[in-house]
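Visitor: Could you walk me through this one? I have not looked at it before.

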Amino acid sequence: VYRFEAGQPEELDNVTHLLKILRAHETTFTDDRVRPNQRYVYVVTAFDRLHNESTPTARVEVGVE
């Protein structure tokens, strides 16, 4: 799971944007490091058994109140 502040370039090769690597049994993730009055963009990728990363999902923009 990657997170970017809205308007930031979505550079997946910058590991500072990588929030969490979920294991196969984990099906949810809660981002508890958000700031009020901020907008974030999230994208998700998957890894295969050889550790090849997939293309990212469609971006989801979320506003925090």
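Guide: What follows is a short talk about the sheet and a few residues in the loops. This is a predicted model, in which local features need pLDDT of at least 70 and side-chain atom pairs count only at pLDDT 80 or more, while totals for chains, interfaces and linings use all residues. Residues are numbered from 1 along each chain as its sequence is written, and side-chain values use heavy atoms, with hydrogens and water left out.

Visitor: OK, what order do the strands of the sheet have?

Guide: The three strands form an open sheet in the order E1-E2-E3, with antiparallel pairing; strands here are DSSP runs of at least two residues, numbered from the N terminus, and two of them pair if DSSP finds at least two bridges between them. E1 and strand E3 (60-64) are the edge strands, each pairing on one side only.

Visitor: And how many bridges join E1 to E2?

Guide: Four bridges join these antiparallel strands, and Arg 3 has Tyr 42 in E2 as its bridge partner.

Visitor: Switching topic, where is His 17, and is it buried or exposed?

Guide: His 17 sits in the loop between strand E1 (2-5) and strand E2 (38-43), and it counts as buried because its relative accessibility is 11%, where buried means under 20% relative accessible area, exposed over 50% and partly exposed in between, using a 1.4 Å probe and protein chains only.

Visitor: What about Asn 37?

Guide: Asn 37 is in the loop between E1 and E2, has a positive phi of about 60° although it is not a glycine, and is exposed, with a relative accessible area of 70%.
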